[in-house]
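Good morning, colleagues. I would ask you to look at the sequence and the model on the screen while I go through a selection of local features.

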Amino acid sequence: MLEIGSVIDGKYKILNQIGKGGMSVVYLAINEAANKPWAIKEVRKDGTKNYEVVKQGLIVETDMLKRLNHPNLPSIVDVIDTDDTFLIVMDYIEGKSLSSVIKENGAQPQEYVIQWAKQLCDVLGYLHSRKPPIIYRDMKPSNVMLKSNGDVTLIDFGTAREYKNKSMIEDTTCLGTQGYAAPEQFGGHGQTDARTDIYNLGATIYHLVTGHNPAKPPYEMYPIRQWNPHLSSGLEQIIIKCTQRNPAARYQSCSELMYALEHYKDLDEGEIKKNKRKFVSFASTLGLSVALFAAAGITHHKETKYASQNYETYYKLAEAAASEEEFVENIEHALDLDATKAEAYNLILDKYTNDFYENESEQGSLSFAEYGKVNNMVTKPSNNTDGTRLDDLEGSNLYDYYQFCYRFGLDIWTGVENGGNTAKPWLERVKEYQDGEITNNKDYQTAQLLLSLTEYSSGTSNKFDNNVDYAQFWNNIETIYSKASDSDTFSTKAAQLYAYQKILGIISDNNNMNGFYGVVSTDKLYQMVNNIESQINNTSKFVATDKSYEAIYNSVKNQIPITRSKIDAVSNKNGGVQNLPETDTDDGSGGEPE
């Protein structure tokens, strides 16, 4: 195994071990000259059966990836082949596999699954357009990494092959994963081609949106609405067509599948019925409208009273519900009758943060799957207006609307892993509000702080140019750190850890690091890293008793040596540590030394 702190090939410094499989170990490393972290996959000769066969497979895989350039594929920058070990240097992808996401949170919201499916469809289409085409053949959730920004990356090209267009030779070996593999991957059913990947993607979508693994009993893919009747019938049709046994009955290209994914709502039964109703004659509609208008004038008072009574009944049933199914049924009825009452929206958050959880560690937090359920519930079309249910609340009581958006955004930010971008649209809805003694300025200020933290996270620094006031930028970061360490602002340890992760990402971003140099002393940069390290050391006791903190804790811990190495690199590049004076003087450079 590689030693922590050792330097490989004269340029890759090993920082930490981040993964281990049956044949390989993966390390986090940094190329100090390039100031960039990388992942190094090590396969050793000792302990690996058929090492030469494995090695040849890795050579094929790396040669293939070196020729590719797509945002949803990892880049391989180096291959180091020695007598007893084979090293692959590739992009360090910070995130988790979709299989881990399903394992932790169950079935995913279909809107997210469709977005991921479109990204995967795009990358498969790219592979199929190569000359010769590349057939991936092993699409499944464990081979897809979900990054913090919501994008996905396709990994593991061990079973990919170049398609030989004129070959009539059938595949004779199952290269793929049972349950996701198309019939032709088992041999005797023809050669694998682009339609094989379409089958694999359909099976992957099925697993993500239902939570049921097609590689486990009952080993069948049923129509998805048998598992969840609220799922889209259009998406159900797409999955069924993708996973036909006969390749000729599937989508014939990724562009054809992409079109279907982008228009899945047009295939929904409800949308089809809606379009058919447009053919009702105008005269009949007008006559019926006159009659209904007269009837409505007579019965309006009685109907309003009846609806109010039924709302209270359904609300109380939902409040007392012992199961999620019972709660959903009754709160849906209540919101259909009246979507203007804040108590219903707060009850939804109360139930999903405190009542519906599989183990004690999930109590008090909002998982990714729970976020999807709440989001779908509050943004459904209203039964009483042309907008959504939440639009009804906004029109009825603006203060209650802001409070709900703030609370929901905070629950997402603190509960959902890497929830900053997911929480962003909700926190952006929070505005300053004051009506007599009622004020939510504190909520507004906290929402703005969380938005700043998300905005300044690593990966967005290209938004900043040479006119950035990096002295003020650093003041903002110090404010964020102070707030992140304040338990009154951030209610969970997980939230604090996510904040520290983002701060480290900001500091270690290449553009930001160069911008800070000259206006922020390196002592301050180091001190911030030391403070965060001290904070997470205090958090280790929580990790020992609650595994839900483990992933983000390890991520922050891994980021600390990367950030220190980047400060070292920039400092050395510019002639050593620069300790700037603490007095406010204008040296004419346009910066504001601290």
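I begin at one alanine. Leaving aside residues up to four places away in sequence, Ala-321 touches Glu-326, Phe-327 and Lys-351, where contact means heavy atoms within 4.5 Å. Ala-321 is placed in the loop between α8 (282-320) and α9; helices here are DSSP runs of H or I with at least four residues, strands are runs of E with at least two, and both are numbered from the N terminus. Its relative accessibility is 7%, so Ala-321 counts as buried. The terms are these: buried is under 20% relative accessible area, exposed is over 50%, and partly exposed is in between, with a 1.4 Å probe and protein chains only. Ala-321 and Asp-355 are 34 residues apart in sequence, and their C-alpha atoms are 9.9 Å apart in space.

A word on the basis of these values. This is a predicted model, in which local features need pLDDT of at least 70 and side-chain atom pairs count only at pLDDT 80 or more, while totals for chains, interfaces and linings use all residues. Residues are numbered from 1 along each chain as its sequence is written, and side-chain values use heavy atoms, with hydrogens and water left out.

For the overall picture, the protein has 20 helices and 13 strands. Of its 594 residues, 46% are buried. Among contacts between residues at least 6 apart in sequence, 62% join residues at least 24 apart.

How do α9 and α10 pack? Helix α9 (residues 324-337) and helix α10 (residues 342-355) have their axes 11 Å apart and pack at an angle of about 170°. The axes are lines fitted to C-alpha atoms, for helices over the stretch in contact, and the angles run from 0 to 180 degrees between N-to-C directions. The two helices, α9 and α10, are therefore roughly antiparallel to each other. In these terms, under 35 degrees is roughly parallel, over 145 roughly antiparallel, 65 to 115 roughly perpendicular, and the rest oblique. On the α9 side, Glu-324, Phe-327, Val-328, Ile-331 and Leu-335 meet Ala-344, Tyr-345, Leu-347, Ile-348, Lys-351 and Tyr-352 of α10.

I turn now to the aromatic rings. A pair of aromatic rings is described by the distance of the centres and the angle of the planes. Rings of Phe, Tyr and Trp (its six-membered ring) pair if their centres lie within 6.5 Å; planes under 30 degrees apart are stacked, over 60 edge-to-face, and the rest tilted. The structure holds 18 aromatic pairs. In one of them, the rings of Tyr-401 and Tyr-402 have centres 5.9 Å apart and planes at 50°, so this pair is tilted. Tyr-401 is buried at 6% relative accessibility, and Tyr-402 is buried at 10%. The rings of Trp-474 and Phe-516 have centres 5.5 Å apart and planes at 75°, so that pair is edge-to-face. Trp-474 lies in helix α16 (residues 470-484) and Phe-516 in helix α18 (residues 510-516), so the pair ties together parts that are 42 residues apart in sequence. Trp-474 and Phe-516 are both buried.

Ring pairs also link a cluster made up of Tyr-112, Trp-116, Tyr-345, Tyr-371, Phe-404, Phe-408 and Trp-426. Over the ring of Trp-426 sits the charged end of Arg-429, 4.2 Å from the ring centre. The rule here is that NZ of Lys or CZ of Arg is within 6 Å of the ring centre and within 35 degrees of the ring normal. Likewise, Lys-341 lies over the face of Tyr-311, 5.4 Å from the ring centre.

How many disulfides are there? With a disulfide taken as a pair of cysteine sulfur atoms within 2.5 Å, the count is zero. Cys-254 is in no disulfide, and the nearest cysteine sulfur, that of Cys-121, is 4.3 Å away. Cys-254 is buried, at 7% relative accessibility.

Finally, the backbone. Most residues other than glycine have a negative phi, and most peptide bonds are trans. The peptide bond from Lys-131 to Pro-132 is cis, with omega near -5°, and Pro-132 is in the loop between α3 (110-128) and β8 (134-135). Arg-137, in the loop between β8 and β9 (144-147), has a positive phi near 75°. Arg-137 is buried, with a relative accessible area of 5%. Asp-9 also has a positive phi, near 55°, and is partly exposed at 47% relative accessibility.
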